[in-house]
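Dear colleague,

Please find below the structure for your records. My notes on it follow directly after.

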Amino acid sequence: MAELKKNEAAVDATPNVMPVETVDASTTQEAVAAIEAPVERGEPILQVRNLVKHFPLTQGILFKKQIGAVKAVDGISFDLYQGETLGIVGESGCGKSTVAKLLMTLETATAGEVFFKGQDITKLSGRALKAVRRNIQMVFQDPYTSLNPRMTVGDIIGEPFDIHPEVAPKGDRRRKVQELLDVVGLNPEYINRYPHQFSGGQRQRIGIARGLALQPEIIICDEPVSALDVSVQAQVINLMEKLQDEFNLSYLFIAHDLSIVRHISDRVGVMYLGKMAEIGTDTQIYDHPTHPYTQALLSAVPVPDPEAREGRERIILTGDVPSPANPPSGCRFRTRCWKAQDKCAEEVPLLAVPERFKSSDTPAAHESACHFAEEKDVVHAA
Amino acid sequence: MTATPGTPDASPVLLDVRDLHVEFRTRDGAARAVNGVTYSVAEGETLAVLGESGSGKSVTAQAVMGILDVPPGRITGGEIRFQGRDLLTLKEDERRKVRGREMAMIFQDALSSLNPVLSVGEQLGEMFVVHRGMSRKDARNKAVELMDRVRIPAARERVGQYPHQFSGGMRQRIMIAMALALEPALIIADEPTTALDVTVQAQVMDLLADLRRELAMGLILITHDLGVVADVADKIAVMYAGRIVESAPVHDIYKAPAHPYTKGLLESIPRLDQKGQELYAIKGLPPNLLRIPPGCAFHPRCPLARDVCRTDEPPLYDVPDGRGSACHFWQETLHG
């Protein structure tokens with residue numbers, strides 16, 4: 001782990017990263033991964049390093065001057081492997097959707113790097129950027145506003161082909177679109193219908209078909225099922241899992257519903273106020289959380305089983321999430337944390353395997369950004 | 001209907017809705033939003049009404065509150081008895097006295113339910129000025145008291161602030177304070193925590209449960225979240241296509257659902273405490289209210305459906321221990 005941090009520091013120091021260093025970083029990462037999970041994961045397809053996005057706050061009309069910044073994302077790092085699902089959870093305002101936009105290069109990062117197969121996409125432009133974008137697609141939250149009501153389903157799903165004609169030659173597009181409709185479980189004959197003729201779940205399937213059109217390797221899903229009814233949610237989740245197996249897709253699955261994230265994710269990262277609080281496999285995070293915020297978040301989830309509920313410990317946090325324009329010093333969670341001490345206000349806790357768990361191979365030995373990391377099961381009844 | 005679930009004999013019935021029917025006139029015909037809903041709430045009791053969008057759970061509540069949009073909406077049958085009186089026979093000005101004073105409602109979206117150009121103190125105080133004829137100064141003190149009661153910190157300093165200066169959780173507390181203002185006997189909360197984050201949701205649900213206990217109010221909690229219900233409700237009514245398909249005390253329904261729809265819902269949510277296999281998905285879509293299927297409305301999606309389900313609408317059968325299920329094959333569902 002120490003070795004990895006050294007590497008990250010090296011990456012930090014040189015903005016124009018040379019490929020050698022990238023490879024270096026990824027091999028270290030792999031070594032760490034091998035310790036954490038026995039499953040062979042191969043090369044990371046996406047590496048995010050110290051990603052930062054600050055939105056400036058300005059004052060004045062003619063002469064704008066910057067008076068501060070909303071620190072939406074403030075230095076986060078993670079890897080995404082081929083064929084896996086990395087879940088990102090956190091409450092509103094924690095920066096999870098900004099991360100999605102940064103990875104899509106819809107926003108320009110203030111600092112940090114995003115390596116797609118070793119290439120830093122934050123530095124790309126023009127043709128090279130366009131090529132990378134083909135490989136990273138997105139499925140949006142609200143299937144009611146993310147589909148143009150004046151376009152037919154065929155035009156919506158086929159539109160990516162206008163931008164990347166190399167994927168489907170002109171004469172072949174209609175057939176391709178019908179294939180895609182079939183893949184997501186819609187009747188191919190619906191190609192000439194408009195979005196309003198479909199239900200919410202069906203619209204989300206259209207959104208997914210559009211995401212698949214360019215045969216991307218990564219799909220970023222920003223709250224893909226939170227607008228859907230419970231009985232339809234399961235259908236869409238099952239579809240997404242089926243597609244992942246079929247096309248070997250990597251998902252970055254952003255959501256606030258912790259049960260759904262556990263179901264679909266191989267690994268889970270917990271964000272709080274622009275920082276990663278804890279990251280690990282689903283078992284590590286849900287059954288052996290060590291960060292107090294993760295514990296509070298998990299304990300607050302209402303579980304549809306009154307009996308299991310009674311045996312669980314509940315942690316009710318006080319207060320609200322502080323403003324990302326003026327985050328607390330040191331650990332950002334300290335203002336709501338029951339463990340907070342002087343050290344938490346002074347020192348920013350680093351995201352690393354806590355010292356006390358380092359030598360053991362318990363599931364608690366995963367990265368957690370807390371000075372007083374301690375294992376606590378809040379999900380299972382005592 | 002004897003299958004009204006587990007009402008404790010001790011507390012008198014506060015609200016009794018019987019065979020309520022509501023329609024909405026549309027260009028394509030009548031949308032039958034509520035088709036014979038029957039439920040009751042006793043003093044100090046919490047009834048959770050669970051259902052997906054379009055199941056009629058909110059429309060029923062609006063009919064009870066008397067805030068249904070008429071037209072296009074129309075109550076086509078049934079009774080709403082509140083403290084012994086049938087509300088549907090009251091004149092509008094009498095109905096108005098019941099609203100706010102005797103029963104109050106908490107809405108999902110606090111930001112759009114509050115007036116952005118009035119301070120929260122003015123909005124809370126207005127209740128006392130209008131209904132109790134208090135002076136503005138007394139009303140303001142009452143507003144501070146209410147804000148204290150819903151645990152808004154520094155209430156005296158914040159009473160003059162505007163809705164946008166409060167966070168989502170705090171705004172929902174103000175909505176709750178407003179509903180509590182005149183100490184109504186019944187509160188209807190329509191998805192009160194759906195717009196909130198999970199840690200804030202826990203705070204707000206906790207507050208609601210405490211207040212209900214302190215004030216011995218009846219509470220109708222309308223939600224689509226099976227988890228939220230499990231925490232606070234005494235009994236549950238599950239709605240589908242404008243009908244109650246299952247009703248039961250809260251513990252029983254999770255342990256052994258007696259209707260295939262409830263069973264399907266419970267099986268389709270992933271678990272927090274273990275990683276499951278593929279999720280069970282109820283096939284198909286909720287019905288169009290303009291064309292509700294004949295027989296049991298759930299039959300096109302039901303794994304147990306047989307011929308009788310396509311022709312005969314199941315009544316709410318009595319199930320042992322004060323439960324009810326509108327399924328011809330409830331025994332099979334319950335035990336199989």
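**Sheet and interface**

In chain B, strand β1 (residues 13–26) runs antiparallel to β2(B), and 11 bridges join the two. Helices (H or I, at least four residues) and strands (E, at least two) are DSSP runs numbered from the N terminus, and two strands pair if DSSP finds at least two bridges between them. Within β2(B), Tyr39(B) is the bridge partner of Val17(B).

The model is a predicted one, in which local features need pLDDT of at least 70 and side-chain atom pairs count only at pLDDT 80 or more, while totals for chains, interfaces and linings use all residues. Residues are numbered from 1 along each chain as its sequence is written, and chains are lettered from A and ligands numbered from 1 in the order in which they are written.

These strands belong to an open sheet of four strands in chain B, ordered β2-β1-β4-β5 with antiparallel pairing. Because β2 (29–42) and β5 (85–86) of chain B stand at the edges with a single partner strand each, one side of each has no neighbour in the sheet.

The contact between the chains takes 34 residues from chain A and 39 residues from chain B; two residues are in contact if their C-beta atoms, placed from the backbone, lie within 7 Å. On the chain B side, α8 (198–215), α9 (226–232), α10 (250–255) and α11 (260–268) each give two or more residues. The largest share, seven residues, comes from α8(B).

Yours sincerely
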